[in-house]
Amino acid sequence: MAENQPAPGKPRVLVARRVPPNVAARAREMFDAIVTETDMDADTALRVIREERIAGLFSGPKVKFTAAHAAAMPDGLKVIANPGAGFDHMDVEAAKARGIVVTNAPDVVTDCTADLALMLILNASRRAREYDRVMREGWRKPYGMPDLLGLRPSGKTLGIVGMGRIGQAVAQRARGFGMRILYNNRRRLSPELEQGAEYVADLHDLLRRSEILSLHLPASAGTGTLMTRERFALLPQGAVFVNTARGSLVDEDALIEALKSGQLFAAGLDVFRKEPDFDTRLAELPNVFLTPHVASATVDTRDAMGFRTLDNIAGVLSGRGAIDPV
């Protein structure tokens with residue numbers, strides 16, 4: 001724990017979102033910390049930063065700092081640390097222009113996000129939502145050979161868009177199901193990282209060949225709406241679509257059309273264009289398996305995210321530098 005401690009005379013830090021008990025305890029141990037019991041918005045966080053002379057901010061997705069917020073930051077604020085991989089909820093460049101270091105925590109969410117992506121693949125393919133509904137309604141009706149047929153994920157061709165840490169972890173898990181792995185990325189990986197996956201430079205070519213498609217593009221990719229009506233149409237008829245990356249990558253009207261028409265057999269979604277007020281038309285479709293943006297929601301990972309965020313703050317405030325600068 002000693003190596004995580006900043007210099008004596010603990011700096012003032014604001015934890016502007018609710019965090020697990022272990023993270024709150026470590027924040028108070030490492031810093032003169034204000035730990036909120038509610039998720040602050042940007043205006044509230046800025047007010048506390050100014051009034052309490054905060055040097056480091058443990059941020060969250062509700063703290064949607066704009067360029068105007070950055071301009072109003074006091075000079076004493078040195079670091080804004082995000083506990084997840086994403087940081088597209090804030091104007092990073094405006095903060096950095098004020099001399100504020102922005103960090104994230106990309107490594108710690110890899111395994112849990114990959115686990116959830118595979119869970120979505122399996123549940124969407126095997127009609128888990130419908131099976132669960134049958135049981136909760138009491139079953140009582142026999143099903144025969146033509147009924148409730150899902151797709152067998154084993155042996156399918158999985159297309160991965162974005163072959164970073166999480167994409168590679170998903171590929172590793174998919175190999176256990178005998179899936180053939182295709183991937184599209186800004187650059188080809190080394191053979192050691194590919195581990196037999198096939199690089200497909202053209203996105204449209206990848207889509208045409210992907211029986212299951214999983215998105216793993218990071219916020220830093222800067223991509224707008226990736227999956228449009230035209231791109232859904234390129235997938236093989238009856239493909240499965242999974243998104244654990246960002247809701248903004250998907251035209252949800254086009255997704256719903258593809259699910260209703262049978263162009264997609266099913267979808268598994270953890271992220272949405274608008275959260276938590278997602279498009280409830282998706283929930284009405286029987287061939288969609290939904291989770292509420294919980295890819296990192298395990299005790300182990302949420303603690304690790306918080307600890308890494310605190311270590312990033314400590315690194316900047318002690319002069320050692322951030323571990324994960326954006």
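How many bridges join strand E7 and E8, and in which sense do they pair? Strand E7 (residues 180-184) pairs with E8 in the parallel sense, over two bridges. Helices (H or I, at least four residues) and strands (E, at least two) are DSSP runs, numbered from the N terminus. Before going on: this is a predicted model, where local features need pLDDT of at least 70 and side-chain atom pairs count only at pLDDT 80 or more, while totals for chains, interfaces and linings use all residues. Residues are numbered from 1 along each chain as its sequence is written, and side-chain values use heavy atoms, with hydrogens and water left out.

Back to that pair. Tyr 183 has Tyr 199, in E8, as its bridge partner. Both strands belong to an open sheet of seven, ordered E8-E7-E6-E9-E10-E11-E12 with parallel pairing. Strand E8 (198-199) and strand E12 (288-290) sit at the edges with a single partner strand each, so one side of each has no neighbour in the sheet. Helix H7 (residues 165-175) lies across strand E6 (157-161) and E7, at about 170 degrees to E6. Contact here means heavy atoms within 4.5 Å; axes are lines fitted to C-alpha atoms, for helices over the stretch in contact, and angles run from 0 to 180 degrees between N-to-C directions.

Now for the other open sheet: five strands, in the order E2-E1-E3-E4-E5, again with parallel pairing. Its edges are strand E2 (32-35) and strand E5 (101-103); each has a single partner strand, so one side of each goes without a neighbour in the sheet. Strand E4 (residues 79-81) pairs with E5 over three bridges, and Ile 80 stands opposite Val 102 in E5. Helix H2 (residues 42-52) packs on this sheet, touching E1, E2 and E3.

What about the cores? A nonpolar core is a set of buried Ala, Val, Leu, Ile, Met, Phe, Trp, Tyr and Cys residues joined through side-chain atoms within 4.5 Å, buried being under 20% relative accessible area (1.4 Å probe, protein chains only). The largest one has 30 residues, and those with the most contacts inside it include Leu 213, Leu 215 and Phe 241. Helix H11 (252-261) is among the elements giving two or more residues, and H11 gives the most, with five. A second, separate core of 29 residues includes Ile 160 and Tyr 183.

How values were computed: Pairing = 2+ DSSP bridges. Buried < 20%, exposed > 50% of the residue type's maximum accessible area, 1.4 Å probe, protein only.
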